[in-house]
Amino acid sequence: MSTDTAARRDRLVQGAVTSPLEVTEDLDVRPGPALLAAHLPDLAAHRRRHGMPAVLDVDGLAALVSAAGMRGRGGAGFPFARKLAAAAAGGRRPVVVVNASEGEPASAKDAALVATAPHLVLDGAAVAARALGAREVHVVLPGDRPRTRALLAAAVAERVATEPRGGLLDGSRLRWQTHIAEPRFVAGQAQAVLELMAGRPNLPVTAWQPEAMAGHRGRPTLLSNAETWAHVGLLACEGLPATLLRGTAEEPGTTLVTVVAPGVRTAVHEVEHGAALRDLLPAHVLGGSVLLGGFHGTWLTADAAADAVLSAARLRAAGTPIGAGVVIAPGPRACLLGLTERITAYLADQSAGRCGPCVNGLPALADAVAGLRRGQPDAAERVARLCGLLPGRGACAHPDGTARLVASLLRAAPGEIAAHARGRCEASVRGAA
Amino acid sequence: MSRLRVDWPACRAHGICHELLPDVVRLDEWGYPIVTGEVEEADRADARAAVKACPRLALRLE
């Protein structure tokens, strides 16, 4: 180990830098067309509205999720049918995991979902477990959201008590197990979740194979975000036609979006794919840049934010993926460099401290972004070089996501970066005007 | 064609992979490897040697 790295590791006390946006469970949850259509916290109310989910074999479930164009909602947007097929082809009995850890402080959509319709989430997992022949469903609860943790744990307990077959009619039996994630940014990463389930520290490790092929105890493991499971549950309960009526022909259905703006409560919206981003923003932040996809996301210029459509496919194609649906709208007076500096410092502090490029590269990147904000002449070059150096060199995608955020600042705010280099902050000038 | 993969939590920047395979592995400013491309057929023997020589057993050839 180089002495530099050893010193950094020794100094690394995670949690020293607080998040620029705090976790909150005081949410403004807006009623939506499907997942958030009704407040159904208990199983009886859920069954009255949705009935029992269809009992599907793996081909039936694959056909259903393919026809609905289902992609994962945890951030990566991977096609759910491909993950399902990989887990089914593993040759051993698979394991199903509901990831409700929501490690990103700015995100609140899983918390809103759990407070509104927890049994849709659990139905989705039960349906997939039945289709795959899985006997275990693991539910990962958030470490830093006590109310959400209690609600989801209560929903699991209620289901175990009142529906001994796990919410299925065909006699299969499921064992439900809950785990509590560590309250840190990378705790929800798939390999970190598998470590937690194995009783080891809840931190990312190297995966030589995707978890769908070899995950928990080496078994094929279908691990998905809570919202993904809720969409599966909804499809199994109400069938494909209802989903196809929502959204667009290319991208049916709905998606959950967390909107964070200054001076207002964090809001969670369920929107049909194809909705305009600006329709979700409070009036006082219109005309400003927007950070789309959360702390690992990308900055949109004010013009791009005004035109953006909430289509995962279109946003991915534009190089500004929607991630887990977090929209941070600081408003036209905010200094993007200052906010990015604070987020990057927080993300550097949240490193698990295990991979050299992350342990060294993230603090270096945070320093370089601070230099950019202070107007140091060579900072932009240093930032760009570090952003190119970080991706693909860690056990998890934390360095990749941090580099994505900072690289997007260089693209979206060249005028403000130039203004800082001249010793002026355009945001505050505009704000004063 | 094959590819070198690094077990990042295991790597401690000894840099032996770069010594043995300078065309495929560069080092960053902290001494950690940057795998720049695929391993050509002609370099396979050197790549296997690098995998064996890594004191942290942090390299795989796939």
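Is B:A13 buried or exposed? I looked this up first. B:A13 is buried, because its relative accessible area is 17% and the cut-off for buried is under 20%. I keep in mind that I am working on a predicted model.

**Entry: backbone at B:A13**

I placed B:A13 in its chain. The residue lies in the loop that runs between β1 (4–6) and α1 (16–20) of chain B. I then read its phi. The value is positive, about 60°, although B:A13 is not a glycine. I noted it because most residues other than glycine have a negative phi.

**Entry: backbone at A:E102**

I found a positive phi in chain A too. A:E102, a residue other than glycine, has a phi near 40°. Where does A:E102 lie? I traced A:E102 to the loop between β2 (95–99) and α5 (109–116) of chain A. With a relative accessible area of 7%, A:E102 is buried.

**Entry: helix α14 of chain A**

I turned to α14 of chain A, residues 356–374. The helix has 19 residues. From first C-alpha to last, α14(A) reaches 27 Å, close to the 27 Å expected at 1.5 Å a residue. How many residues of α14(A) are buried? I have 16 of the 19 as buried, so the helix is largely enclosed by the rest of the structure. I looked just past its end. A:G375 follows α14(A), and its phi is positive, near 85°.

**Entry: A:C358**

I picked one residue within α14 of chain A, namely A:C358. A:C358 counts as buried, because its relative accessibility is 6%. I listed its contacts, leaving aside neighbours within four places in sequence. They are A:S351, A:P363, A:H398 and A:P399. I also took a distance to A:P391. A:C358 and A:P391 are 33 residues apart in sequence, and their C-alpha atoms are 9.6 Å apart in space.

**Entry: A:T344**

I moved to helix α13 (residues 336–349) of chain A, where A:T344 is found. What is the relative accessibility of A:T344? I read 0%, so A:T344 counts as buried. Which residues does A:T344 touch, not counting those up to four places away in sequence? I wrote down A:L365, A:A366, A:V369, A:T402, A:L405 and A:V406.

**Entry: the contact of chains A and B**

I looked up the interface last. Chain A gives 23 residues to the contact and chain B gives 16 residues. The area buried between the two chains is about 1,700 Å². Carbon and sulfur atoms give 56% of that area.

The rule finds 3 salt bridges across the interface of chain A and chain B. I looked at A:R393, which forms a salt bridge with B:D28. Their closest N and O atoms are 2.9 Å apart.

Which helices of chain A each supply at least two residues of the side that touches chain B? I noted α1 (3–11), α14 and α15 (379–389). The largest share of that side comes from α14(A), with 5 residues. By class, I have 9 nonpolar, 8 polar and 6 charged residues on the side of chain A that touches chain B.

Technical notes. Residues numbered from 1 in each chain as written. Chains lettered and ligands numbered in written order. Predicted model: local features only at pLDDT ≥ 70, side-chain atom pairs only at ≥ 80, totals over all residues. Heavy atoms only, no water. Helix = DSSP H or I, 4+ residues; strand = E, 2+ residues; numbered from the N terminus. Expected span 1.5 Å × (residues − 1). Buried < 20%, exposed > 50% of the residue type's maximum accessible area, 1.4 Å probe, protein only. Contact = heavy atoms within 4.5 Å. Buried area = accessible area lost by both parts, 1.4 Å probe. Salt bridge = Lys/Arg side-chain N within 4 Å of Asp/Glu carboxyl O. Nonpolar A, V, L, I, M, F, W, Y, C, P; charged D, E, K, R; others polar.
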